[in-house]
Amino acid sequence: MELKNGMAVLFVRDALASRDFYAGVLGLTEVINSGDMNFVFEEGVAVWQIQEGNIIPEKLGMDKITDRSLVSRFEVCFETDDIQRDYQTLLEHNVRFLHGINEEAWGQRTVRFYDPDGHLIEIGEALPVFIRRIYGELDRDIAATAAKMFLPVETVEKYLKD
């Protein structure tokens with residue numbers, strides 16, 4: 001196989017509302033608009049408003065696609081260089097949070113929230129950002145930083161040189 005152009009596709013109830021959320025709130029770049037029913041974003045996410053008669057709801061049931069109360073089985077992840085700024089933007093847009101800024105066991109700060117259709121989204125600090133932060137917090141100890149992050153020392157050194 002030689003697969004190309006992988007992306008996460010989210011089935012949504014209202015493609016325009018989802019486009020507004022992903023482009024307007026999260027700042028993703030829309031690259032394809034298929035009749036205001038399907039949108040593809042440069043960052044590797046697409047939203048599709050599935051219509052009756054499509055094979056997907058025919059096989060799964062439309063209620064399985066559009067029921068916002070179903071528990072999330074996956075999340076869409078993005079990275080950021082400034083999680084505090086992005087968290088503030090989310091607050092200003094009154095998004096529904098799973099949790100506010102949280103530090104994961106490996107040191108990365110994350111925030112998780114829901115899009116208009118109840119899909120779980122994570123924004124986490126980019127790897128170089130949290131490597132540098134943890135390195136500073138651990139008194140510039142590379143071995144301690146690597147141990148905290150569950151990474152090889154060589155990986156930490158590489159990111160600290162960049």
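Buried residues account for 36% of the 162 residues in the chain, where buried denotes a relative accessible area under 20%, exposed one over 50%, and partly exposed the range in between (1.4 Å probe, protein chains only). The model is predicted: local features require pLDDT of at least 70 and side-chain atom pairs count only at pLDDT 80 or more, whereas totals for chains, interfaces and linings use all residues. Residues are numbered from 1 along each chain as its sequence is written, and side-chain values use heavy atoms, with hydrogens and water left out.

## Overall architecture

The chain contains 7 helices and 8 strands; helices (H or I, at least four residues) and strands (E, at least two) are DSSP runs, numbered from the N terminus. Along the principal axes, the C-alpha atoms fill a box of roughly 60 × 45 × 30 Å. The chain exposes about 9,700 Å², of which carbon and sulfur atoms supply 51%; such areas come from the Shrake-Rupley method with a 1.4 Å probe, and for residues only the protein chains shown count as cover. Among the contacts in the chain with a separation of 6 or more, 48% join residues 24 or more positions apart, a contact being heavy atoms within 4.5 Å.

Two strands are taken to pair if DSSP finds at least two bridges between them. In general, strands of a sheet pair through backbone hydrogen bonds, either parallel or antiparallel.

S2 pairs with strand S3 (residues 38-41) in the antiparallel sense over 4 bridges. Glu-30 stands opposite Phe-41 in S3.

## Nonpolar cores

A nonpolar core is a set of buried Ala, Val, Leu, Ile, Met, Phe, Trp, Tyr and Cys residues joined through side-chain atoms within 4.5 Å. The largest has 22 residues, and those with the most contacts inside it are Phe-21, Tyr-22, Leu-26, Phe-78, Leu-90 and Phe-113. At least two residues of this core come from each of S1, H1, S3, S4, S5, helix H4 (83-92), S7 and strand S8 (120-125). H1 supplies the largest share, 4 residues. Leaving aside residues up to four places away in sequence, Leu-26 touches Phe-21, Phe-78, Leu-90, Phe-113, Ile-121 and Ile-123. A second, separate core of 6 residues includes Phe-130, Ile-131, Met-149 and Val-156.

His-93 is placed in the loop between H4 and S6 and is partly exposed, with a relative accessible area of 40%. His-93 and Phe-113 are 20 residues apart in sequence and 12 Å apart in space, C-alpha to C-alpha.

## Salt bridges

The whole structure holds 12 salt bridges, each defined as a side-chain nitrogen of Lys or Arg within 4 Å of a carboxyl oxygen of Asp or Glu. Three of these pairs are listed below.

| Pair | Closest N to O |
|---|---|
| Arg-133 and Glu-103 | 3.5 Å |
| Glu-103 and Lys-148 | 3.9 Å |

Glu-75 is partly exposed at 26% relative accessible area, whereas Arg-112 is buried at 14%.

Arg-133 is buried, at 15% relative accessibility, and Glu-103 is partly exposed, at 35%. Glu-103 also forms a salt bridge with Lys-148. Because Glu-103 lies in strand S6 and Lys-148 in helix H6 (residues 142-149), this pair ties together parts 45 residues apart in sequence. Lys-148 is partly exposed, with 30% relative accessibility. A network of salt bridges links Glu-103, Arg-109, Glu-125, Arg-133, Glu-137 and Lys-148.
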